[in-house]
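Thanks for coming. I have one structure to go through today, and I will keep it short. Please have a look at it first.

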Amino acid sequence: MRLCVIGNSHLAALKLGWDELKAKGQAPDMEVTFFGAPSDGVRHVRLEDGRLTPKRKDIAEHFERMGGTPHIQLDDYDGFFLIGLNVSVKRILRFYKTHAWVGLKGTEGKVLVAPGFARDFLTERYGDTLMGVTASHLQGRKVLALAEPLWAEWIRAGAPETPEYGWDAAITAGDGEAIGAMFRATVAASLPPHAQFLPQPDITVAHGITTRLAYNKDASRLISGEGGGTDAAHMNGAFGQEIWPLVLPALRAM
Amino acid sequence: MEDEGAVTARVGVLGGDGAWSVAEVLRGAGVAVADLEPAPKQVAEAVARKWHYGLASVRAGLLGHPRAILQLLQQVNGARPKGWIWKGEGAVDGFRPEIDPEGLPREGIEGYRLAHLAAVARLVQEVDRLILPLCTARAWVDGAGTVFGARPKGVTLPSGVKISEIVFSADDLRSDLHAMVEVFRALNPRLVLQVSVLPSLGEVVDWPEVEGLQHDPIFDALLEARRKGGKGAGLLAFLAQGGDIDRFAPVVAAPVAEDDDAERRRRRKEKRKAKGDNPGKVICEDELLEAFAK
């Protein structure tokens, strides 16, 4: 299978994991090409004549450097794997600061809403992300979607100069698992019918909304060259290695 | 010098969330109608409307009947009538069955109602003027005289509860309106109450006049006119906030809430831009490129 991987910085963990699996001779039987742009750079891509074409030079340069061409010729691939693209549990955590749905425990001082409203609200919001928009460009093709990894569990203690999304408050209240379940359900529901959501594997998840330390270890050193423990958002190659065995079966089942 | 025509009252709307929303019409006219059970700011309009957010100051449903409003206040004061947890696809609040298009978990519905009652209590304390849309003398009533909402299709009542639709007499309506005013006064003596009589929400009723309740036919006519796209936004907003019509001087209408939101977003964006790089943010570009440099 010829697979096109499109994503933002979270694509790095997949690339590291892929390289490690290949080195061990354990990579799935796929020909993989990566196209990435940092942050929301993929927003500047348009569908034209069967190609995804960046409208900004720097994005085209990123594509060429990673994937070998400045654009993505859709017919060159049998399947597409979208990663990150602004789909994150942080959106629910922001919601959870002011609202809680019936059934959650941390409701004090919040507007209480019906679970169905929370589901509709979040589904609509996730559908409006770069993930939803990019998936809609790939109508009629096999599309698998993986959200941004949950942040590393050490973020519960907080970190200087890092936004506080309320991970610890949610977990301490006993709502981590329910929020994680709502995240998986609403992201899956937000995607167009031809796209399928690939949840972060259970083995990597801690407390429902964070990633186990092992998958973040050295991520900041490996990925950005910084010292360890400074980046809770990005994962290491071990995380990528957990993802890859799930990709081919999911695409074949579509 | 203070503008004699300026009005600044905090305005709430209790009920009227039915065929059309009084609160929405007022917001469209520039009135900052209080919202004590707000949806998240980013909610799409269709989602908010489906779940009855923003259609009144609290998600109490249509109300529109003095007994329904009176009962709600009595519940704020601790009354707990029976027979209100109906069964559909999940539990349904029989006092406002139209509000949530899907049922709720049975074990959570009492807390959900208490949270609503707390919002009603805050509303009564936090606004200066409360507009009460009235639209019907009919109500679904059980044997104990408790008024419920209209039972949706597929929803069943608890065993032993029977409701029937009755038309309240003028005396009953007057009595309920009196009692309602008294409860409001006990909760917030400074609160100004204004009824809005809206046949287009229900039926024509000869509403009795009751001390302590204001009623302004011009306000009602302006509401109806604005609902149909007519003019008069400035005057409607002025009257909604308690302005005296003899002092009304047409001015440029206050910006509506949406404009304020857009302005706030623009300022936030400019602030972020001026601030430059946030040292705390993840440097995504570096991370992405480094992975491909290996």
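This is a predicted model: local features need pLDDT of at least 70, side-chain atom pairs count only at pLDDT 80 or more; totals for chains, interfaces and linings use all residues.

Residues are numbered from 1 along each chain as its sequence is written, chains are lettered from A and ligands numbered from 1 in the order in which they are written, and side-chain values use heavy atoms, with hydrogens and water left out.

Chain A overall. Nine helices and twelve strands make up its secondary structure; helices (H or I, at least four residues) and strands (E, at least two) are DSSP runs, numbered from the N terminus. Chain A has a radius of gyration of 18 Å, close to the 18 Å from the globule rule for 254 residues, so it is as compact as a globular protein of that length. That radius is taken over C-alpha atoms, and the rule is 2.2 Å times the number of residues to the power 0.38. The C-alpha atoms of chain A fill a box of roughly 50 × 40 × 35 Å along the principal axes. Of the 254 residues of chain A, 58% are buried, where buried means under 20% relative accessible area, exposed over 50%, and partly exposed in between (1.4 Å probe, protein chains only).

Now the sheet. In chain A, five strands form an open, parallel sheet in the order β2-β1-β6-β9-β10; strands pair if DSSP finds at least two bridges between them. At the edges are β2 (31-36) and β10 (195-197) of chain A, each pairing on one side only. From one strand to the next the twist averages 20°, with axes fitted to C-alpha atoms, for helices over the stretch in contact, and angles from 0 to 180 degrees between N-to-C directions.

What joins β9 (residues 142-146) of chain A to β10(A)? Three bridges do, and the two strands run parallel. A:Leu144 stands opposite A:Gln196 in β10(A). Helix α5 (residues 130-137) of chain A lies across β6 (79-83), β9 and β10 of chain A, at about 170° to β6(A).

Last, some individual residues. B:Asn188 is in the loop between α5 (170-187) and β8 (192-197) of chain B. B:Asn188 is buried, at 3% relative accessible area. Leaving out residues up to four places away in sequence, B:Asn188 touches B:Val124, B:Gln125 and B:Val127; contact means heavy atoms within 4.5 Å.
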